[in-house]
Amino acid sequence: MKIHTGLRNFIFPGSVILIYGILFFFNFDKAFHALLSSTRLSLMLLLPLSLVFTLMFFMNLFLSPAHVTGFLGKKSGARGLILSALAGIISAGPIYAWYPLLKDLKKNGAANSPIAVFLGNRAVKPFLLPVMISYFGWEYVALLTLFTIAGSVATGYIVGVLVQDST
Amino acid sequence: MKLAVSAEGPDLNARAGGRFGTSAYFIIVDPQTMAFEAIRNPGAAGQRAAGIQAVILAISQKVDAVLTGFCSPTAAKYLSENGVRVATGIDATVQDAVRQYLEQIQTQSQTPLDATGARKNKINRESLTHALKISARQLASLLPVLIGVILLVGLFNALISKELLSFLFSGNALRDTLAGSFLGSLMAGNPITSYVIGGELLTSGVSLFGVTAFLVAWVSVGLIQLPAEIAALGRNFAVVRNGLFFILSIIISILTVTVYRVVMELFS
C-alpha cells in the first residue's frame, strides 16, 4: 500500500506522541519530566530556527537547483572539485532527490571524484548553521566546517583514484 | 543549436509534448543535422521534484531550448534564468516539432509559440513571494520530524540512564569516536536532527570526539541509503565512498576537537 508522503512525515512524531500517551498512563512523573525537557529544548531552538528560515529565504532567492548543476557539470581537475564542493554545500532537499541526477551526470561522462565531493559536502549546510552554533559555539562550528570541506574534497579525490570511471 | 523535446518514445517519430517534468523521454536534437540522443526522464514516474530534475537534466545537456506540451512556471523560470528558451503547446511528432520551431524562429523576430526568452535574474515581487513560499514549505517539511525528535530527546533525557551512556561512550577518545561514527552511519535524516541529538549527547556527558564523529557520519555516511546509492552510482563507488567517508568522520573528529581545544586554551 502506498502511503502519501505528507502523511508519512507524521508517522514518526505520531509514534512518539503515542509513546508519551502510554508513559503518561503508566509513569506520570517520568512522562511529565520528558515533556518539560522537550519544552525547554523547543524554546531554545526558536531563535536559531527563525534564523534558519531567514537564511533559507535568501538562499532560495539567489540560488536554484540550476546553479548547483552548473557547478557540478564542470570538468574535473582542482577547479572542478572546488565547484563540486560548492554545489554540495548549496544543494538542498533529501539525498534521494539527487540520485537520479547524479546517475545521469555519471552516464554523461561526469567523473567519480566530483560526485563523491558533492555528496561529502552535503554535510555543510549554511542555512542550518544558526542551530549548530547555538549548540556547539561558533569556534567549534567554524573548525568543523573547515575540516569537513577540506576532508571531503581530499576523500572525493581518493574515491576517484580508487574507483575506475565506467565511461 | 541543441534542442530538448519532451516525448513519449525514444526516437524522432515519437509523439512530442506532454508535461515537461514527467514525459517518458527527452530527445536531444541537433536541428541542423537532425542527429539525436534519447534520454530516459528520471522523473517520468511522477515522483517529487520531477520538474526540478528535468530542469537539471536540460541544463546539464546545455540545450538552447526546450520544446514541450506544458511546463510549470517554476521550471520555466529556472530554465529561462539559465538561458534556455521554453516553447510550450507542442503537439506533434518530435521531428515535426523541431521543424515547426525552426520555421517560427526564422520567420519571427519575436519569441516563438509562447516561448519565454532568456532574461536576466532580477529580484522582483514575484521572486520574493516564490522564495518565501519555498522556504516556508522547506521549513514545514522539516517540522514534523524535528518535533518528533525533540519529543524523543525529552523521553531520552527522562528514561535513559547515565550508566547506559557511559557504557556506549566510555570517555576514551578513540572508542567514543568509533561509537559516534557507527551511530551516525546507521542513522539518517536532516542534519538539524543530528545537531539536536548531538547537543543533547554532549550535555549528557558524551565526549566531544564522539559527538563530532556522529555529526559528520550522519550526513556523509549512509548505511540506510546504501542500496539507493548502489543502484544510482554503482556498487564499487558506493562501498568505497561510504568506507572512506566513515574513516574521514573519525579523522575530522580527532582533528576538529584537538585544534578546538588548543585554540580555546590559547585564547582563554
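In this predicted model, the axes of helix H6 (residues 173–186) of chain B and H8(B) come within 7 Å and cross at roughly 25 degrees (axes are lines fitted to C-alpha atoms over the stretch in contact, with angles from 0 to 180 degrees between N-to-C directions). H6(B) is therefore roughly parallel to H8(B), a label given to angles under 35 degrees. Helices are DSSP runs of H or I with at least four residues, numbered from the N terminus. Among the residues that meet across this pair are B:Ala173 and B:Leu183 in H6(B) and B:Phe214 and B:Trp218 in H8(B). The contact divides into eleven nonpolar, seven polar and one charged residue; Asp, Glu, Lys and Arg count as charged, Ala, Val, Leu, Ile, Met, Phe, Trp, Tyr, Cys and Pro as nonpolar, and the others, Gly among them, as polar.

Turning to the interface, 66 residues of chain B are in contact with 67 residues of chain A, contact being C-beta atoms, placed from the backbone, within 7 Å. H4(B) gives the largest share of the chain B side, 22 residues. That side comprises 44 nonpolar, 18 polar and four charged residues.

A:Ile115 touches B:Leu233 as well as residues of chain A, including A:Leu102 and A:Ala110, leaving aside residues up to four places away in sequence.

Residues are numbered from 1 along each chain as its sequence is written, and chains are lettered from A and ligands numbered from 1 in the order in which they are written. Local features need pLDDT of at least 70 and side-chain atom pairs count only at pLDDT 80 or more, while totals for chains, interfaces and linings use all residues.

Note on methods:
Two residues are in contact if their C-beta atoms, placed from the backbone, lie within 7 Å. Helices (H or I, at least four residues) and strands (E, at least two) are DSSP runs, numbered from the N terminus. Angles under 35 degrees count as roughly parallel, over 145 as roughly antiparallel, 65 to 115 as roughly perpendicular and the rest as oblique.
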